[in-house]
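Subject: A structure for you to look at

Hi,

Here is the structure I promised to hand over. Have a look at it first, and then read my notes below.

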Amino acid sequence: MFKSIKAIATLALVLLAGASQAAPVLLGSVTHNYGNAAGQSKGGYTNNSCVKSGYVIVKDTSNGCGNSRFADTFDFSSLNIGTVTSLSLSLTFAATNDVTAFFFPEDWRVRPASGTTGSNSLFDMTRTGSAITQTFTFTADNLDVFASIVSNRNFGLWFSEESLFSQQFNLLSATLNVNGAAPAPAVAVPEPTALALASLALLALGFIRRRGAR
């Protein structure tokens with residue numbers, strides 16, 4: 001019985017240590033739906049031929065888009081943020097396509113930015129004709145402007161196209177999720193699970209000490 005109680009105490013302490021290392025949580029999200037309707041984002045465009053009903057056309061040149069390239073920003077300064085460990089971007093898009101004229105494939109990439117500084121890291125987009133949703137995860141390990149984005153609380157969304165000729169695709173929506181650890185409360189209150197584990201460990205350790213004192 002003594003060995004069993006000792007094992008319970010050890011297990012409770014191990015579980016308590018694991019519970020104290022909180023996994024990253026979703027701190028908040030910013031969503032942009034694109035198009036010309038009220039409340040939708042134009043991605044830096046004015047009302048021109050690149051702004052459609054329910055989407056915008058992203059081109060690798062400024063031709064036909066009011067002499068401007070697509071560029072959007074996601075301000076997450078209003079979120080209650082502690083430590084940011086990762087950002088995840090979910091894009092819904094269509095018409096990145098497999099091949100174009102002369103069978104040169106389109107090669108679209110996501111290029112995050114901080115202010116006017118675009119990342120040197122490019123992230124491949126899926127080639128598709130119909131609308132799909134693809135999620136990209138950014139951390140300090142794979143994104144060179146991650147620290148600057150987090151510091152400024154502002155994520156810039158740019159795109160890069162790496163193939164020959166002029167290309168375009170349709171962007172329907174984008175959601176930026178901010179993940180990490182929430183700010184610590186003014187007065188730390190143990191979570192119910194952690195409190196129960198701590199109580200169990202203390203009871204078991206108390207029993208062991210009383211037995212050892214005999």
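Is threonine 96 buried or exposed? Threonine 96 is buried, because its relative accessible area is 1%, and buried means under 20%, exposed over 50% and partly exposed in between, using a 1.4 Å probe and protein chains only.

Before you go further, please note that this is a predicted model, where local features need pLDDT of at least 70, side-chain atom pairs count only at pLDDT 80 or more, and totals for chains, interfaces and linings use all residues. Residues are numbered from 1 along each chain as its sequence is written, and side-chain values use heavy atoms, with hydrogens and water left out.

**The loop**

Threonine 96 sits in the loop between β4 (83–94) and β5 (108–114); strands are DSSP runs of E with at least two residues, helices are runs of H or I with at least four, and both are numbered from the N terminus. Its side chain makes polar contacts (N or O atoms within 3.5 Å, one able to donate a hydrogen and the other to accept it; residues adjacent in sequence count only if both atoms are side-chain atoms). One goes to the backbone oxygen of threonine 126 at 2.8 Å, and the backbone nitrogen of threonine 128 is also 2.8 Å from a polar atom of that side chain.

Asparagine 97 belongs to the loop between β4 and β5 as well. Asparagine 97 is partly exposed, since its relative accessible area is 28%. Its side chain has a polar contact of 3.3 Å with the side chain of glutamate 106, and a polar atom of the asparagine 97 side chain lies 3.2 Å from the backbone oxygen of alanine 95. Along the chain, asparagine 97 and glutamine 168 are 71 residues apart, yet their C-alpha atoms are separated by 9.3 Å.

Leaving aside neighbours within four places in sequence, leucine 157 is in contact (heavy atoms within 4.5 Å) with residues including Phe70, Leu91 and Ala174.

**One more residue**

Asparagine 179 is in strand β10 (residues 168–181). Asparagine 179 is buried, because its relative accessible area is 15%.

Enjoy exploring!
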